[in-house]
Each structure stands twice: as C-alpha cells, then as structure tokens.
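Open the model in a viewer and keep the selection panel at hand. The stops below run from one pair of elements to a single residue and then to the whole chain.

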Amino acid sequence: MNLQSIIVTNCIGIAMLVVLQISSYLVRQRKLPSDRIFTAMIFLTATACATETLSFMVDGKSFFGARAAAFITNSLAYAINVTVSYLWCIYVDLRLYKQESRLKKYYSWLGLPTILLILALIPNIKWGYLFTVDSANVYHRQPIGYIYYISVFLYLGFSVCVRYRYYKGSAKTRFFPIWMFLLPIIIGTSAQMVFYGISLAWCSVALGLVGTHMSLQNELSYIDPLTKLCNRNYLDHVLAEVSRKGTTMGGVMIDIDFFKSINDMYGHSVGDEALISAAEIINAAKPSKSLSVRFAGDEFIIIARVDSEFDLINMENSLRNQLDKFNSSDRTPYKLSFSIGTAIFSGKKTIDSFLNEMDDNMYKEKKSKHCRSTA
C-alpha cells in the first residue's frame with residue numbers, strides 16, 4: 001500500500017467521522033454520558049487517522065525532527081489503539097445498563113491494562129521493546145508490540161460478554177448493534193496486524209462507528225419515546241417473521257380502563273405518567289425473552305412463546321398481581337385498572353385475525369366494567 005493510498009484511506013476515515021460527529025450532534029436530545037464517550041471515540045479515531053498518516057509520511061525520511069516525529073506519531077497510534085477499545089467497553093455498558101455507578105465498580109480495574117500499556121510507551125523510546133526507529137528513520141514493529149493488538153481483541157471480546165450477559169439476564173428490550181462496530185474492526189485490524197504497510201485499522205474503526213450510529217438511529221424508530229417499549233412498527237416486523245416461520249406465539253392485549261378520566265381529572269402530564277407506570281407493570285410481569293409493545297394510545301401487547309392456553313393464563317395472572325402491587329403502593333393519586341384479552345398466533349391465523357381475537361377478548365372484559373360503572 002503506497003503512501004498516496006494510505007493518505008486517501010485515512011482521509012476517507014476522517015471525512016466519515018466529521019459527518020458522523022455532525023449527525024450525532026444534531027440528533028442528540030441531551031448530553032448523556034454515553035454521548036460523551038461516543039464523541040471521545042470519534043475524536044480519538046480521527047486523531048489516529050491523522051497520526052497514522054503522518055507516521056507513514058515521515059517513515060524513512062531524513063530531515064530535522066523526523067526521528068522525533070516518528071516516535072511521537074507511532075506512540076500516539078499505539079496509545080489511541082487501546083484507549084478507544086477501552087472506551088468502547090464503557091460505551092456498550094452505558095448504552096445497555098444506563099448506570100454510571102457500574103463504571104466505578106467494574107471499569108476502574110478494567111482500565112488498568114490501558115494505563116499500563118500507555119505508560120509502557122515512554123521507556124520504549126529508549127529501549128525499543130515495542131517498536132524501533134532505525135538510523136534510516138524506518139519504523140520496525142517488535143514482537144512484544146503485538147500485545148497492543150491482542151489487548152484490542154480482548155477489550156472487544158469483553159464488550160461482547162457484557163452484551164451477552166445483559167440480554168441473558170434482563171427482561172428489558174434494548175437494541176444495541178454491537179457487530180456493526182466489531183466486524184469492520186476485526187477485519188481491518190487483523191489485516192493490518194498481519195500485513196505491515198497497509199492502513200485499514202483506523203478507517204475500519206471509523207466505519208464501525210458510523211455503522212453503529214446509523215443502526216441505533218434506525219432502530220430507535222422501533223421504540224416508543226414515552227414508555228420506552230417497542231412500538232407498532234416493530235410489532236408488525238416481529239409478527240411478519242413469526243408468520244413466515246410458522247412459529248406458535250401467545251399474545252396478551254392490555255387496555256387501561258377509564259384512562260380518559262385520569263387525563264380529565266389530573267391532566268395530560270399525569271396521564272403520561274400513568275402510561276409509563278403501566279409500561280413498568282407490564283415489563284415486571286412479562287416473561288423473560290418476551291416482547292412488550294405500546295400498541296396504540298393506552299393499549300399494550302405482550303408477545304411471547306407459549307405451549308398452551310395455560311401459559312397465557314399465567315401471563316394474565318402475573319399482570320394482575322403486578323397491578324395489585326402497584327395500586328396497593330399508593331404512590332399515585334389514581335388507581336390503574338387493566339382489561340386483558342389473550343390469543344394464540346399460529347400459522348393457521350393471519351396477523352389481523354390474531355390481533356382482532358385479542359382485541360375482541362379484551363373488549364368483553366372492558367365492556368363489562370363500563371356496564372358496571374354506569375349501573
């Protein structure tokens with residue numbers, strides 16, 4: 001890979017990062033910790049693209065300060081390498097768990113290898129155990145220098161473990177397209193580690209960051225902004241997949257009774273709080289690895305794998321138990337009431353007939369409650 005190709009490749013990476021930073025700035029609603037981490041990764045990756053280009057430009061050149069420039073640019077590239085990988089782990093954790101308290105608990109010790117590897121670059125200037133710059137000002141990677149590439153893969157592997165642990169142990173639905181970031185990096189870094197002289201790693205990091213951002217923005221269109229449950233668009237997508245595969249699924253439709261009276265009596269802001277509370281009750285009651293959806297207005301749906309009507313009865317009982325717990329807590333000026341309808345979706349039914357069956361069963365309970373209230 002000649003110098004011109006390296007410059008073009010890294011300039012493309014920088015251009016992608018500039019566009020990414022502008023785009024991510026425009027779509028942010030607030031400055032979350034994960035936003036700051038993402039911005040730091042963008043800045044460091046852009047710096048690395050520029051630094052690596054300069055390191056290739058001075059490699060083998062003889063002029064005043066060339067040797068110092070070679071050591072500085074290559075040392076920066078090594079340092080940024082592990083730092084971005086470490087920050088990626090923090091970013092994954094923040095996006096999934098959204099708990100800053102976890103950072104001190106888990107990521108202070110996880111940052112120790114990064115600190116040690118950065119500090120190791122200082123004596124390397126004299127001893128040259130990571131890389132050397134010979135008398136002709138040519139860079140040479142030493143075998144021990146591969147530890148920086150290994151650390152990158154270890155950090156990336158740790159982020160995969162964090163994501164796996166989250167999805168295994170949490171009933172929450174939270175999107176995170178981790179492979180959109182990892183795959184370009186794995187390919188680019190592996191190529192650069194094996195074949196010295198090519199420059200793909202940092203451009204691949206830039207591509208990974210862009211892919212992650214675009215995927216998150218796309219998948220956010222599947223999330224209801226108020227309740228943070230999935231929305232009707234995502235439900236349609238899931239049901240289409242279930243219909244295509246012929247899988248048997250159970251559905252529970254929930255409607256908040258007398259929701260209009262909450263809005264009329266306490267105002268729409270309290271009505272929004274009631275919707276959020278309903279979503280919390282549903283999330284607490286639903287089975288693990290099931291899907292909770294805000295279907296429309298004050299209607300919600302749970303989709304889960306079931307073996308029989310008995311599973312649907314258990315889901316309904318769990319909902320009513322969680323509802324009773326909420327109402328007995330007296331934490332709100334209102335009480336919530338649910339009308340519930342269930343149905344089983346199999347290959348013999350259309351999506352519309354499945355939704356209509358749940359709606360009809362739910363409406364029977366709602367109608368009886370309204371009749372009693374007017375009697």
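Start by selecting residues 66-97, which form helix 3, together with residues 101-110, which form helix 4. The model is predicted. The axes of helix 3 and helix 4 come within 11 Å and cross at roughly 160 degrees. An angle over 145 degrees counts as roughly antiparallel, and helix 3 and helix 4 are therefore roughly antiparallel to each other. The crossing in which helix 3 passes helix 4 is right-handed.

Next, show side chains where the two helices meet. On the helix 3 side, select Y86, C89, I90, D93, L94 and Y97. Their counterparts in helix 4 are R102, L103, Y107, S108 and L110. Colour this selection by class: the contact of helix 3 with helix 4 has 8 nonpolar, 1 polar and 2 charged residues.

Stay in helix 3 and select T83. Is T83 buried or exposed? Its relative accessibility is 19%, and buried means under 20%, so T83 counts as buried.

Finally, select the whole protein chain. Its secondary structure comes to 14 helices and 6 strands. The protein chain has 375 residues, of which 48% count as buried. Among contacts between residues at least 6 apart in sequence, 71% join residues at least 24 apart. With a surface drawn, the protein chain exposes about 19100 Å², and carbon and sulfur atoms supply 62% of that area.

Key: Residues are numbered from 1 along each chain as its sequence is written. This is a predicted model: local features need pLDDT of at least 70, side-chain atom pairs count only at pLDDT 80 or more; totals for chains, interfaces and linings use all residues. Side-chain values use heavy atoms; hydrogens and water are left out. Axes are lines fitted to C-alpha atoms, for helices over the stretch in contact, and angles run from 0 to 180 degrees between N-to-C directions. Helices (H or I, at least four residues) and strands (E, at least two) are DSSP runs, numbered from the N terminus. Angles under 35 degrees count as roughly parallel, over 145 as roughly antiparallel, 65 to 115 as roughly perpendicular and the rest as oblique. A crossing is left-handed if the near helix is turned anticlockwise from the far one by less than a right angle, and right-handed if clockwise. Contact means heavy atoms within 4.5 Å. Ala, Val, Leu, Ile, Met, Phe, Trp, Tyr, Cys and Pro count as nonpolar, Asp, Glu, Lys and Arg as charged, and the others, Gly among them, as polar. Buried means under 20% relative accessible area, exposed over 50%, partly exposed in between (1.4 Å probe, protein chains only). Accessible areas come from the Shrake-Rupley method with a 1.4 Å probe; for residues, only the protein chains shown count as cover.
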